[in-house]
Amino acid sequence: MRRGRDLITATYAYVGPEVSDPAKRFAGNNLACSNCHLNAGTKKFGIPLFGLFGEFPVYSARLGAEITIEDRLNACMTRSMNGRPLPVRGPEMQAMVAYIKFLSTGVAPGQRLPGLGVGKMPELDRAAEPVRGRTIYANTCVICHSSDGSGIRRSLPTTDLGYAMPPLWGSDSFNDGAGMSRLITAGNFVHFNMPHGTDYLNPQLSPEDAWDVAAYVVSQPRPHKAGLDKDFARDLLDKSVDAPYGPYADGFTERQHKYGPFAPIRAAIAKLEAERGAAPPAPR
């Protein structure tokens, strides 16, 4: 369990691209899992890991199949960490699963704890604006994440100490298949957690500012994940409304899926679902 926590908080030091053993270089960037799963996965609405163990196995609409907790962790490895899957029976995977199981102590299967995910702020009735978001970024975010989004390294040229503040785009960031590359995830994460030290009880950015600065971040270049066109291939109507890559079943543009507004997309999906005799989809 302790080893698993270390892997969450210092991923770069154990499986990062600069570790001494090439066989252990599973992550493709120098991020830590805790850059997104804040406070080692214990912060409410900071994408916490607590209480998740009993939710698996679970159906994944993205894959169109049931997945295990190991599958879910490897999705993070190949997307957020821009790397390759960990061996399911390897010590690193087993340690991280043990840590998540520990954080789920006393949580009954099917019980969902409050504070999971990134929270939910009101959506805009317009598209989010990256140009406006750039100004907000310059006023609020640049001191930690740098003007070019590269973050603040702990050491140079040695890179195995990771980042004091993580990059938000560029070659050492998460790739375009990661959840944080989607506006709804990024916007809510920013609203409830940023600037550093913010929590859901006392947000510092208004919803409008959070949407726009998140739009600026997701508009920036980052590594590409091959095969994104296969996501949600079993049923494109299950595709997340803010997935910034096609194909889509609803007729809306990639730009609207990336920046919104999302209400018209949800209405179109509901109509398509009804036309084929299925129940309207759950909110995405």
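Reader: Which residues touch the most other members of the largest nonpolar core?

Author: Tyr137, Met180, Leu183, Phe189 and Val213 do, in a core of 37 residues. This is a predicted model: local features need pLDDT of at least 70, side-chain atom pairs count only at pLDDT 80 or more, and totals for chains, interfaces and linings use all residues. Residues are numbered from 1 along each chain as its sequence is written, and side-chain values use heavy atoms, without hydrogens and water.

Reader: What makes a set of residues a nonpolar core?

Author: The members are buried Ala, Val, Leu, Ile, Met, Phe, Trp, Tyr and Cys residues joined through side-chain atoms within 4.5 Å. Buried means under 20% relative accessible area; exposed is over 50%, and partly exposed lies in between (1.4 Å probe, protein chains only).

Reader: What is Leu183 in contact with, leaving aside its neighbours within four places in sequence?

Author: Its partners are Ala128, Trp211, Ala214, Ala215, Val218, Asp242, Lys258, Tyr259 and Phe262. Contact means heavy atoms within 4.5 Å.

Reader: Why is H6 called roughly perpendicular to H9?

Author: Helix H6 (residues 130–140) and helix H9 (residues 207–218) pack at an angle of about 100 degrees, with axes 7 Å apart. That angle makes H6 roughly perpendicular to H9. The cut-offs are under 35 degrees for roughly parallel, over 145 for roughly antiparallel, 65 to 115 for roughly perpendicular, and oblique for the rest. Axes are lines fitted to C-alpha atoms, for helices over the stretch in contact, and angles run from 0 to 180 degrees between N-to-C directions.

Reader: What makes the contact of H1 with H5 roughly perpendicular?

Author: The axes of helix H1 (residues 2–9) and helix H5 (residues 91–103) cross at roughly 100 degrees and come within 7 Å. That makes H1 roughly perpendicular to H5. Arg3, Gly4, Arg5, Leu7 and Ile8 in H1 meet Glu92, Ala95, Met96 and Tyr99 in H5.

Reader: How do you know that helix H4 is mostly covered?

Author: In H4 (residues 69–78), 8 of the 10 residues are buried. Among them are Ile69, Leu73 and Met77. The cover includes helix H2 (11–15), strand S2 (65–67) and H5.

Key: Helices (H or I, at least four residues) and strands (E, at least two) are DSSP runs, numbered from the N terminus.
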